[in-house]
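Welcome! Let us take a friendly walk through this structure, one part at a time.

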Amino acid sequence: MDLSVYKNILSDSYIKKGQDAINTKHKIIDSLLYHKKLPEEGWTDKMIEDLLLELTRHTNLKNILINDMVFKRNCNIHHGCSIFDVKRLKKEEIHSDAGIIINQLANSLLSELIKLMGIKRPFECAVIPVATGMSVIFSVLTFRALKPNARYVIWSRIDQKSCFKGIVSAGFIPVIVDTKCHNGEHTTDIDCIQEHIIRIGAEKISCIVSTTSCFAPRACDNIEVIAEICDKNNIYHLINNAYGLSNRNLMKRINKASIRGRVDIFVQSTDKNLCVPVGGAIIVSFNNEIFSKFIDICSEQMSNCAAIDTAITLLHMGRKKYVELLHMGRKKYVELLDECETMYKYLKFEMLKLSNKYNERIIESPGNPISIALTLSNVPQLHLLQIGPMLYVRNVSGARVVTANERKIISNFTFERWGTHCNKCDVPYLTAAASIGIVKSDVDIFIEKLDKIFYNIYFNK
Ligand SMILES: Cc1ncc(COP(=O)(O)O)c(C=O)c1O
């Protein structure tokens, strides 16, 4: 914008100041679009709005949409886009398509975040508009395209439905490997995985699906050894890292696994790591051929919503849920992660005190850096089922109760003791997690509410 047109009504110094401000803003926007780097300091909403306005200068979604709220919700970006376009179009082929530009921006910012979190090896990544469970379908279909005769998928059991459903929906035969209980902690049964490979034959096995982040006392799978096994047997390795992007420990383990053996794709959720609405996943691969195949499988038209939310959140870095909220960038994010790790220790300490008070115990699971399990051995069965709703009505939604006696049937497969990740675990327990954004007062309020509920139940008040 050229302010010199106002020279008859405004003083020269006023025009200069205004022009300087506009130029600075444009420089920041141009620099972001050129370098696509995560800014050191988070942007204000106004600045992000200006960026979106700049990108959509030539579009007018208002002519197409009936409703103003829908218009605003989509930030005037009405084009969907294909990852193929985002990843493969050359610069000169992209003119003013805001959809592609915002998608590229989201991917570049994510790529910075992934490196920041501990992935050191070269990789490709993309945000796609489906939740993590659905992204598993695309991932295993990618492997099918590359190893068409392999019909089996080995799955280290994790009692979360969507990933398992993804394997079955993609038409594979799942081979369920129960976790092994070691001092109360549930770990990967590597021997059983190896036995299955020998029994079925490596050439018939498409991939092994492992999981990093889950509810205690299930530990992160032994992804380093699984990576070695996959490498040795020429089997693909998919890691479900749903919550793990915001955990440096898990990200470093993925990096290590990819060095020791093979990690072909790892997927994580946008909502669980970036505090955006459900419906986005981040696909990462260390292998160009596999990444290209993934793009082939799910190219064409896709919604841009997940990319828009991701780009905005990463630019703003931390509205509300992230520590001192506004103006947060890369530096603050690292502080936030440190805080999250500290809060995990604090939550564990407070849960330990509570467990002593009610003669219960914490199930130690050193392989799980996010979630903590507290036994409910002395709670009558009837009351077990009441704890979840009691917490819910008190606005506690993160904690969950595992009764250890539920049977679940998913796509004709029966899971005994659903929730425990294992057929043999018979101790009921409650899990709580310290995820990104949690602060000390959240822990204090949670413990206070849980204490009151326990008091009523244990002392029958
Ligand atoms: C281990 C695991 N995998 C996958 C998911 C599903 O993630 P999404 O909701 O993004 O599909 C969850 C959700 O709780 C999870 O805990």
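Where is arginine 394 found? Arginine 394 sits in the loop between α15 (381-393) and β12; helices (H or I, at least four residues) and strands (E, at least two) are DSSP runs, numbered from the N terminus. Before going on, note that this is a predicted model, in which local features need pLDDT of at least 70 and side-chain atom pairs count only at pLDDT 80 or more, while totals for chains, interfaces and linings use all residues. Residues are numbered from 1 along each chain as its sequence is written.

UniProt positions are given in the numbering used here, feature names are shortened, and annotations may be inferred rather than shown by experiment. Arginine 394 has 15 other C-beta atoms within 10 Å, so it counts as partly exposed. A residue is buried if 20 or more other C-beta atoms lie within 10 Å of its own, exposed if 12 or fewer, and partly exposed in between, with C-beta atoms placed from the backbone.

The unreviewed UniProt entry also marks Lys272, as "modified residue: N6-(pyridoxal phosphate)lysine". Lysine 272 lies in helix α11 (residues 270-274). Is it buried or exposed? Lysine 272 counts as buried because it has 21 C-beta neighbours inside 10 Å. Leaving aside residues up to four places away in sequence, lysine 272 touches Ala242 and Tyr243 (contact means that the C-beta atoms, placed from the backbone, lie within 7 Å).

Now look at the ligand. It is surrounded by 14 residues, and the closest are Ala131, Thr132, Gly133, Ala242 and Ser269; a residue counts as near if its C-beta atom, placed from the backbone, lies within 6 Å. The elements that give two or more residues to this shell are α6 (132-146) and α7 (161-169).

Next comes helix α5 (residues 98-116). Its 19 residues should span 27 Å at 1.5 Å a residue, and its end C-alpha atoms are 27 Å apart, which agrees; the expected span is 1.5 Å times one less than the number of residues. Because 15 of the 19 residues of α5 are buried, the helix is largely enclosed by the rest of the structure. Just after α5, glycine 118 takes a positive phi of about 125 degrees.

Finally, find the open sheet, where four strands run in the order β10-β11-β15-β12 with antiparallel pairing; two strands pair if DSSP finds at least two bridges between them. β10 (362-363) and β12 (400-402) are the edge strands, each pairing on one side only. Five bridges join β11 (residues 371-375) to β15 (residues 429-433), and alanine 373 has threonine 431 in β15 as its bridge partner.

Notes: Two residues are in contact if their C-beta atoms, placed from the backbone, lie within 7 Å.
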